[in-house]
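Open the model in your viewer and keep the selection panel at hand. The stops below say what to pick next and what is there.

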Amino acid sequence: MLATLIYRSRLTHALDPSLLAELVKEANIRNAELQVTGVLLFNGDQFLQVLEGPAEGVNAIFNRISRDSRHSDIVELLRDFAPERRFRGRGLVLFDLRQNKPGVALRTILKFGTLKYHLARHDRVYKFIRDFIATPASERRVETFSAARWRLQSKASPFAAIGLPLQENQPCQFAFQPIVDPGRGTISSLEALIRGPDGGSPQDYFASIPEQKLHEADLASKGWALAMARQLGIGNHKVAVNLLPMSLVKIPGAVDILLGHITRNHLDPEQVIVEVTEDEVISSYDEFTSAIRQLRAAGIGLAIDDFGSGFAGLSLLAKFQPDKLKIDRSIVTDIHMHGPKQAIVKAIVACCAEMQITVVAEGVEKIEEWCWLNAAGIERFQGYLFARPVLNGVPAVNWPLRVSR
Ligand SMILES: Cc1cc2nc3c(=O)[nH]c(=O)nc-3n(C[C@H](O)[C@H](O)[C@H](O)COP(=O)(O)O)c2cc1C
């Protein structure tokens, strides 16, 4: 299958631009071996490269290119398949935009198109090229997210010691993971993640419960989560718990039971956030609506969890406007290198800002991911970079500190 890949990157000091022609000459030989064709645009500071050919060849070359220290801030913009090559017969053509007028460069590139599926104006590849040519290097803001500018400083969290003893008859345990606001240096809330009595995964725990008892057990487990939160001394912090929305619908008086757990543990309903996942919401819209009304009326917060991993999309936000929206790790992972993910997160941030919904990025593991997300306007983060969940306790938090030069 004929694959197309476009990325942009930025020249580093390791490459003298006068040596670009030489680089392209060598690249041409390697590309020909792997039947890869394409163009490389250079505007004096940034590159835009189109690679097309058999998927294995394109991937192999892109892997090498990604490791090349002569450019940095590589962001993949497009990965697609096409019926025909756009740059047939051209291993790698270099367009130095400093030596070509934008209109001329664009016309020349258009002419490369093959006869059948020529590089038409509606073609996405053409549009990426057109945009790159139209914006001069001086006007194109390229953010550099270098992990070397940061170091992490571990600081114990202000909660009771790890390893609370299990209570008699306690059917489940919880691992707590902080959600942090590194800009302010604060822990905004703790998420209580359910674990089995032996510390096993949530899947194993729920699999061990008979189906007809599932919702009852789910609701009852919140009592244990909140009791642990109290023992940890969460003070004014918020605690987030995951709940199956159907537990609120199927168990009579469920919200009152939940409120009972909250007050018994001397917590305020406004300190508690119920997290539900997209999939659960769309599989039971009407019941979910009534359950959420009750929750909100009781003052309990609502968060949509794993946003972006399911199928509900933005229409979910229009219908249920939660206090919090947690962006799924599948979108967060390597976001600093991925143009389509960046476009999606920018849209989520913009619409949540208009609705005054707090955005949390989940599954943050790399400094560069945090830096990109923070520059996009996200202030709250959860992930191994800051703290891993700890069974029956709260972990220390790694706070990023700027390295002084
Ligand atoms: C902007 C830029 C574009 C490049 N394009 C290609 C290319 O299309 N094909 C290629 O084989 N090498 C290309 N290279 C060079 C590769 O990064 C790498 O140096 C080369 O493939 C040799 O790989 P190796 O060092 O793993 O042996 C490019 C380098 C840069 C900086």
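## Start at a strand pair

Select Thr-37 and Glu-52: Thr-37 stands opposite Glu-52, which is in S3. Two strands count as paired here if DSSP finds at least two bridges between them. Helices (H or I, at least four residues) and strands (E, at least two) are DSSP runs, numbered from the N terminus.

Before going on, note that this is a predicted model, where local features need pLDDT of at least 70 and side-chain atom pairs count only at pLDDT 80 or more, while totals for chains, interfaces and linings use all residues. Residues are numbered from 1 along each chain as its sequence is written, and side-chain values use heavy atoms, with hydrogens and water left out.

Select residues 37–42, strand S2. Buried or exposed? Six of the six residues are buried, so S2 is largely enclosed by the rest of the structure. Buried means under 20% relative accessible area, exposed over 50%, and partly exposed in between (1.4 Å probe, protein chains only).

Color the two faces separately. Thr-37, Val-39 and Leu-41 are buried on one side. Gly-38, Leu-40 and Phe-42 are buried on the other.

S2 and S3 pair in the antiparallel sense over six bridges. Phe-42 stands opposite Phe-47 in S3. Three residues lie between the strands of this hairpin, and Gly-44 takes a positive phi near 100° there.

## Strand S3 and Gln-46

Select residues 46–54, strand S3. Eight of the nine residues of S3 are buried, so S3 is largely enclosed by the rest of the structure. Then show residues 2–11, strand S1. S1 and S3 pair in the antiparallel sense over nine bridges. Tyr-7 stands opposite Gln-49 in S3.

Zoom to Gln-46, which is in S3. Gln-46 counts as buried because its relative accessibility is 2%. Its side chain makes a polar contact with the side chain of Asp-45 (2.6 Å). A polar contact is a pair of N or O atoms within 3.5 Å; within protein, one must be able to donate a hydrogen and the other to accept it, and residues adjacent in sequence count only if both atoms are side-chain atoms.

Which residues is Gln-46 in contact with, leaving aside its neighbours within four places in sequence? They are Ser-9, Arg-10, Leu-41, Phe-132, Ala-137, Arg-140 and Val-142. Contact means heavy atoms within 4.5 Å.

## Zoom out to the domains

Select residues 2–93. An unreviewed UniProt entry annotates them as "domain: BLUF". The span is 28% helix and 40% strand, and its end C-alpha atoms lie 19 Å apart.

Color domain 1 (2–139) and domain 2 (148–402). These bounds come from an automatic or database domain assignment. Taken over C-alpha atoms, the domain centres are separated by 42 Å. Five residues of domain 1 are in contact with six residues of domain 2. About 350 Å² is buried between the two domains, with carbon and sulfur atoms giving 45%. Buried area is the accessible area (1.4 Å probe) that two parts lose on being put together, summed over both.

## Last stop: Asp-181

Select Asp-181 in strand S7 (residues 173–181). Asp-181 counts as buried because its relative accessibility is 4%. Its side chain makes a polar contact with the side chain of Arg-184 (2.5 Å). Leaving aside neighbours within four places in sequence, Asp-181 is in contact with Thr-186, Glu-379, Arg-380 and Trp-399.

Note on methods: UniProt positions are given in the numbering used here, feature names are shortened, and annotations may be inferred rather than shown by experiment.
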